[in-house]
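The following exercises concern the architecture of a two-chain model. Each task is followed by a solution in steps.

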Amino acid sequence: MISAIIALALLAAFFGLVLGFSAIIFKVEASPVVEQIDKLLPQTQCAQCTYAGCRPYAEAIAEGEAEINMCPPGGQQTIQAIADLLDVEALPLAGGEEAQEEPGPILAIIDEQTCIGCTLCIQACPVDAILGAAKQMHTVIAAECTGCELCVEPCPVDCIDMVGVEENIKTWKWPKPVNHINHPLPLGNFELISEKTAGSF
Amino acid sequence: MTEYFLLLVSTILVNNFVLVKFLGLCPFMGSSRKLEVATGMALATTFVLTLASASSYLVNTYILVPLEVEFLRTIAFILVIAAVVNFTEMVVHKTSPMLYQVLGMFLPLITTNCAVLGVALLNVQTGYGFFESVLFGFGAALGFSMVMVLFAALRERLAASDVPEIFQGAPIALITAGIMSIAFLGFAGLDKGL
């Protein structure tokens with residue numbers, strides 16, 4: 001009886017020790033950079049960066065495999081934030097001139113007359129902004145839609161349109177902060193000021 | 001050499017753990033809906049079963065038998081298997097992230113699989129030596145993997161076929177498993193032939 005208790009206790013203690021120590025020895029350091037980049041990304045999981053989601057894209061950036069300008073939902077703000085974090089040059093958004101000019105917020109709208117209730121767009125939506133059931137008409141919850149356009153592709157009857165959000169008292173937002181690429185700092189003025197102030201010291 | 005081969009064949013086909021001994025049915029039904037998942041599960045099980053039969057043999061022979069506390073076998077085996085699997089998971093996570101991604105969450109899940117404990121206990125009951133125990137565990141795992149992959153493939157076909165409404169989902173899966181089990185009972189004759 002006693003030997004049984006001791007044997008089991010010793011066995012358990014031994015394995016406990018082994019596991020405890022190996023947890024320290026074999027600890028996998030999750031790269032803190034990945035975490036930080038992941039936090040800056042918009043988490044729409046839209047995969048427009050060609051990676052499976054925001055986290056894989058963050059990992060790719062951290063390993064230097066991907067450029068920092070491949071996130072259309074994040075836009076220039078995200079690029080700037082990542083550039084500041086990694087201390088690299090901010091790049092214009094990938095996709096050329098077209099992607100460069102920000103068209104303002106857009107939303108998906110489902111034409112409810114044409115919708116056949118196939119639920120394909122519901123599966124595609126990364127933020128669960130589409131409401132509906134099989135063979136029932138679907139609709140988009142405007143407040144949740146991020147305008148990622150992922151639902152447009154799978155629709156078999158092409159009943160989803162991307163429309164710009166009309167600016168009214170309900171949808172108006174403060175303009176986004178000025179970013180360095182589109183509006184470089186007025187260097188000339190800055191020098192002028194510093195010259196002026198230099199004399200006073 | 002021949003007897004080892006016989007042992008392997010008999011554990012894979014004749015005494016298949018899932019379809020003849022009816023052990024490890026939960027992963028068999030639970031994670032066989034997709035082929036990739038089933039393959040991951042099968043790989044993880046192969047890994048754990050082989051490891052578990054080796055470690056439980058060692059614990060039984062060098063700790064439980066000398067101390068004459070064989071009645072602790074079940075609880076000691078559970079402890080050993082859980083600890084070894086957790087340890088392996090950590091090592092794999094550290095040394096081979098690729099393998100970790102494939103086996104992933106299946107590794108800790110498989111610990112509580114009845115097939116794992118079943119192999120360890122059957123090893124002791126049949127009185128296998130160390131090498132035979134490992135081979136038995138490996139053979140059992142191979143049999144499990146084969147059945148898993150076959151069944152997952154069958155279920156993928158079933159998902160696309162026109163099943164009567166009352167049989168859809170779990171019922172048809174259970175019927176399929178039953179028919180597979182009957183088919184595997186046909187291997188019972190193989191034992192005497194060899």
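**Exercise 1.** How near do the axes of helix H8 (residues 130-160) of chain B and helix H9 (residues 170-185) of chain B come, and at what angle do they cross?

*Solution.* The model is a predicted one, in which local features need pLDDT of at least 70 and side-chain atom pairs count only at pLDDT 80 or more, while totals for chains, interfaces and linings use all residues. Residues are numbered from 1 along each chain as its sequence is written, and chains are lettered from A and ligands numbered from 1 in the order in which they are written.

Step 1. Helices (H or I, at least four residues) and strands (E, at least two) are DSSP runs, numbered from the N terminus. Axes are lines fitted to C-alpha atoms, for helices over the stretch in contact, and angles run from 0 to 180 degrees between N-to-C directions.

Step 2. The two axes come within 11 Å and cross at roughly 140 degrees. H8(B) is therefore oblique to H9(B); angles under 35 degrees count as roughly parallel, over 145 as roughly antiparallel, 65 to 115 as roughly perpendicular and the rest as oblique.

Step 3. H8(B) contributes Phe151(B), Leu154(B), Arg155(B) and Leu158(B) to the contact, and H9(B) contributes Ile172(B), Ala173(B), Thr176(B), Ala177(B) and Met180(B). Two residues are in contact if their C-beta atoms, placed from the backbone, lie within 7 Å.

Step 4. Seven residues of this contact are nonpolar, one is polar and one is charged. Ala, Val, Leu, Ile, Met, Phe, Trp, Tyr, Cys and Pro count as nonpolar, Asp, Glu, Lys and Arg as charged, and the others, Gly among them, as polar.

**Exercise 2.** Which axis angle do helix H2 (residues 32-40) of chain A and helix H4 (residues 75-86) of chain A form, and which residues make the contact?

*Solution.* Step 1. The axes of H2(A) and H4(A) come within 9 Å and cross at roughly 160 degrees. The two helices are therefore roughly antiparallel to each other, and the crossing of H2(A) and H4(A) is right-handed.

Step 1. On H2(A) the contact is made by Gln36(A), Ile37(A) and Leu40(A), and on H4(A) by Thr78(A), Ala81(A), Ile82(A) and Leu85(A). These residues divide into five nonpolar, two polar and no charged.

**Exercise 3.** What secondary structure do chain A and chain B have, and what percentage of each chain is buried?

*Solution.* Step 1. Chain A holds seven helices and four strands, in the order α-α-α-α-α-β-α-β-β-β-α from the N terminus. Chain B has 10 helices and zero strands.

Step 1. A residue is buried if 20 or more other C-beta atoms lie within 10 Å of its own, exposed if 12 or fewer, and partly exposed in between, with C-beta atoms placed from the backbone. Buried residues make up 17% of the 201 residues in chain A, and 37% of the 194 residues of chain B.

Step 2. In chain A, 57% of the contacts between residues at least 6 apart in sequence join residues at least 24 apart. In chain B, residues 24 or more positions apart account for 79% of the contacts with a separation of 6 or more.

**Exercise 4.** Which helix gives the most to the side of chain B that touches chain A?

*Solution.* Step 1. In the interface, 14 residues of chain B are in contact with 13 residues of chain A. Helix H4 (residues 73-95) of chain B gives the most to its side, with 10 residues. That side of chain B divides into 11 nonpolar, two polar and one charged.

Step 1. H4(B) has 23 residues and reaches 32 Å from its first C-alpha to its last, close to the 33 Å expected at 1.5 Å a residue (the expected span is 1.5 Å times one less than the number of residues).

Step 2. Buried residues of H4(B) include Ala76(B), Phe77(B), Val80(B) and Glu89(B).

**Exercise 5.** Is Lys135(A) buried or exposed?

*Solution.* Step 1. Lys135(A) is in the loop between strand E2 (130-131) and strand E3 (139-140) of chain A. Lys135(A) has a positive phi of about 60 degrees although it is not a glycine.

Step 1. Lys135(A) is exposed, because 9 other C-beta atoms lie within 10 Å.

Conventions:
A crossing is left-handed if the near helix is turned anticlockwise from the far one by less than a right angle, and right-handed if clockwise.
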